[in-house]
Amino acid sequence: MSRRPHKRPLTRLTSAPILLCSQMDVTFINSGALSRAHYSLVRKVESAQSPQAADQIHLSEIDGIRRHFAVGGVSLKECREKLIILLYCSMNLTHVNPGELAFALPQAVNLAEMGRTLRDKQLGFIFCTEVMPPNHELQLMLVNTIRKDLESLSTARVCLALSVLIQMPNDEVIPAVQSQLQALFMHKSISVRRRAYLAYHSLLHNDPSRLTPLEDAVVLRIQRTLPSIDSCAMAVAMKLNQVDSINDEVNALLPIVWQRPGRQSQSLTLLVLRALRKAKLSMPNVGIVLDIIKRTSSPPVRVLLREAFLVLSSVSTEVIQECQMQQSLSPVACIRRLLTSKDPNDQYLFVSCLDCLSPTLWAGTLPGTIAVLDEWEVQEVMKLLDSHDRLVRKITLRVLHAVDSSLVKAYNTQLLHNLPAGLTLSDKGEYVSRLLDVGVLQYGNDGEQYARYLKDLFGVAEGDTQGRTEDMSVLEVGLEMILTHIREFDITSRISCVTALAVPVTESGARIGPTLMVVISALACEYCGKIATSPLSLLQGMANRLVSYGVTVQDACLLSMIRMSAECDQIPHTILKLVTEISQFSGKRIRNRCGLFLTYCGQRDVLTSIIAQASSSSLPDFLVALTTYGSNAGASPPVPPVNLKPSSTISGLSPGSPPRASLSPRQLRYEAYGTPQAVPSLRHLLSPSRGTFSSPGSTTSRTRSSSRASERRMSSELVRTITPGELTIAAAQGPLQELPELDHVRNSNASPNEDLTSRVDLISLDTACNEVPVTFPTPEPDFEDVWDAMEDSNLRGWCESPMDNVVRLLQSLQHSMRVIAVDQPPFEGELKVLVAASPNPPLVEPKQGAALRLRESEEESCLWRLRCDDPELRTTIKRLLEDI
């Protein structure tokens, strides 16, 4: 299927007529194009055969306009058309630097100054807003134009100038417009006043002392308009936190706006209630707020109802109880009908309103008080702990904890000791996240208790009953939640938490799951040298445990070890030996990390410099600094083997030994991805001349890393393509190297003009006559449609294996699969693979599956990008790609 790039609907940039034709059969009259030239340009772009060709059309058009402006004599009408086309080109180019359009800024400033219509001036301002860099030499001319428009008698021109000030705040413009903005505070038009307030705040918000005129004007405006209300001034007063200055005025407004009829009453009441959240609600107004709750609860006016409860949250319990007795009205009784609703919004509204009140007002927790909710209603509240909405669960936990902390403790115990067996990775992550929410609520800012809770939690979630640690995946959701919560601690609690978590690493008998190990690695890197645990003992403990984890955990541990080595005077021989052994039997990614450790662990000065260059002490920022240093150092030969004599240490290496060189950024595999370029089809397939099967001379009881290295060597020596059926039979019969010779070998002498429909580049999908073909149902899904539909699920990385090996391993998943050659659209130059998702149970929304893009690189490796809406399949493919 041919691809038409840059298909976009008809769009407008504000009111400027920048229109993009989305269909080739749209006539000029119906297209909305500004001119024939504009229409012709869009048609050329729509007809382009590739994104690169479309970009070339845009760049040629920009060059033509540059030459046209250089000649001079451009009329205002022609200038407007050219600026629109320039904006169209810049919006549709794959990569464009706004500075490249700076040649048109004089024309744009002139159009903003001399434009006869509001539309012309608006276009000139829009172009300057999009293209003009700060402190540009033409800023002064633009300021003069803005000043003139602020003095205009036309409200529309004044609003346009104020909008530009809001979008382009600049220190140089403040002296020129400050007095005019203050004068506009009292303008008769609310549109002008609103923009004047916002423009003044946008220009001077960094200097609170200079905001005094705005604060005084807003307060004065509110006082002068009573008993009416200026909604714009009220909104600005809340933004400036000046509600305390008008506390009496705001309280006086509440009964006035609430008694007004119609929908305007609701909007004004909402505004006043929001102001009262920052002010102090007077005693007489508490009864009015209770009346608002009563009248907006059935049918529920959600926004007003919640705002009223939020206002009550700042009122003392005694005052609310007194008003309840006077009116014989309970706010919780007014909303109890929401509890039985099946609408998630109603459930959230109920628990969030309940969270605003003290339990003594509705739970009957004190002697002499009566519970508002019946027993069955309390049971309904407890059921909200199993809601699919995490926010509802968290608020429910908070409500129950306020009523009785033992309820939350019992719930935690039940979850922890009833972990279901056989959970999928996504379900397990969801289950652990619930337990983590409970821990956050129970232990608050107590870092040591929280660390103890994490060890107990993962002792169950990743304990002995869950299998071997090297076979487990990291629970990414839990990892993010833990690190985010620990960063919210004060520094003392953080140090105590990290210390408590790090101690088990130094204990040989302690089992640490992969998720908790990544957490410890990240925290040890960030707080190394600040915690009580010795960096050397942590280093030794991590080195001893490397062999027990998968690639992801090893990567985090090795990076943390590099950072901790900066705190050690000497690195023991045992650590060097362990890292060297891991390097020998691991993939290229871990070999690179091991090489970095062996290179830098004895260079404390270099590491200190790298740490100083990092923007923070976190593990990601340390990695960025390490990569940047390696990039600046340039490419280097591989790290030589380390002399592992028993007496050797880093400081004891012989002077004549070759220095360890830093790895190049290419080897680190953390460069930003370059712009995709069209390349020819794959240079070759696996040829029979590249190698034969080899039988290992002996077997060893190596670690999981050793077995992976062995599998990788066998994969690189394959001489032909194996079909899915053959691979299944092989898995059942015995090791891969014992397969009998088969006849399905790719013909390397095939004609270059061979029909593309009769073959698939990179991999053969031939099947034996007794096999069921692995195909997609007709019609086949379009790769680009599937790719675009899953834009919210993105993964990418490097794979240390050729593309043909990757596709063979994907076949072993036994999913329906389709391969699109590198020279076929879309995304020419990349191999495209569609992997179908597993069959869905009835009534379950069907999944798209996985879409994988592979780009061949040097050194028998490839760049991969994955989108997948099936969590299980995404995790499986990600682990397969990382473990090669």
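1. Pro-826 sits in the loop between strand E2 (817-820) and strand E3 (831-835). The model is a predicted one, so read the geometry that follows as computed. The peptide bond from Pro-825 to Pro-826 is cis, and its omega is near -5 degrees. The loop between E2 and E3 also holds Phe-827. Phe-827 is not a glycine, yet its phi is positive, near 55 degrees. Phe-827 has a relative accessibility of 16% and counts as buried.

2. The bond from Ser-298 to Pro-299 is cis, with omega near -10 degrees. Pro-299 is in the loop that runs between helix H15 (283-296) and helix H16 (302-312).

3. Gln-814 is worth a look for its backbone. Its phi is positive, about 65 degrees, although Gln-814 is not a glycine. The residue lies in the loop between helix H38 (803-811) and E2. Is Gln-814 buried or partly exposed? At 48% relative accessibility, Gln-814 is partly exposed.

4. Now the chain as a whole. It has 39 helices and 5 strands. There are 884 residues, and 48% of them count as buried. Take the contacts between residues at least 6 apart in sequence: 68% of these join residues at least 24 apart. The accessible surface is about 42800 Å². Carbon and sulfur atoms account for 52% of that surface.

5. How many of the residues of H6 are buried? The count is 10 of the 14, so H6 is largely enclosed by the rest of the structure. Among the buried residues are Leu-123, Phe-125, Ile-126, Phe-127 and Val-131. The buried set also includes Asp-120, Lys-121 and Gln-122. Gly-124 and Cys-128 belong to it as well. What covers the buried residues of H6? The cover includes helix H4 (76-92) and helix H5 (105-114). It also includes helix H7 (139-150) and helix H8 (155-167).

6. Next, charge pairs. Side chains of opposite charge can pair when their charged atoms come close. The structure holds 27 salt bridges. One of the pairs is Lys-878 with Glu-476, whose closest N and O atoms are 2.6 Å apart. Lys-878 lies in helix H39 (residues 871-883) and Glu-476 in helix H25 (residues 476-487), so this pair ties together parts that are 402 residues apart in sequence. Lys-878 counts as buried, at 19% relative accessibility. Glu-476 is partly exposed, at 47%.

7. A local pair makes a contrast in sequence spacing. Lys-383 and Glu-380 form a salt bridge, with N to O at 3.3 Å. An α-helix has 3.6 residues a turn, so residues three or four places apart point the same way. Lys-383 is exposed, with a relative accessible area of 53%. Glu-380 is partly exposed, at 24% relative accessibility.

8. Two further items concern charge. Arg-563 and Glu-567 form a salt bridge, with their closest N and O atoms 3.0 Å apart. Arg-563 is buried at 10% relative accessibility, while Glu-567 is partly exposed at 34%. Which residues are linked in a network of salt bridges? They are Asp-386, Arg-393, Glu-430 and Arg-434.

9. Last, the cysteines. A disulfide is a covalent bond between the sulfur atoms of two cysteines. How many disulfides does a search of the whole structure find? It finds 0. Cys-799 is in no disulfide, and the nearest cysteine sulfur, that of Cys-862, is 4.6 Å away. The cut-off for a disulfide is sulfur atoms within 2.5 Å. Cys-799 is buried, with a relative accessible area of 0%. Cys-497 is also buried, with a relative accessible area of 0%.

Notes. Residues numbered from 1 in each chain as written. Predicted model: local features only at pLDDT ≥ 70, side-chain atom pairs only at ≥ 80, totals over all residues. Heavy atoms only, no water. Salt bridge = Lys/Arg side-chain N within 4 Å of Asp/Glu carboxyl O. Buried < 20%, exposed > 50% of the residue type's maximum accessible area, 1.4 Å probe, protein only. Helix = DSSP H or I, 4+ residues; strand = E, 2+ residues; numbered from the N terminus. Contact = heavy atoms within 4.5 Å. Areas by Shrake-Rupley, 256 points an atom, 1.4 Å probe, with all protein chains shown as cover.
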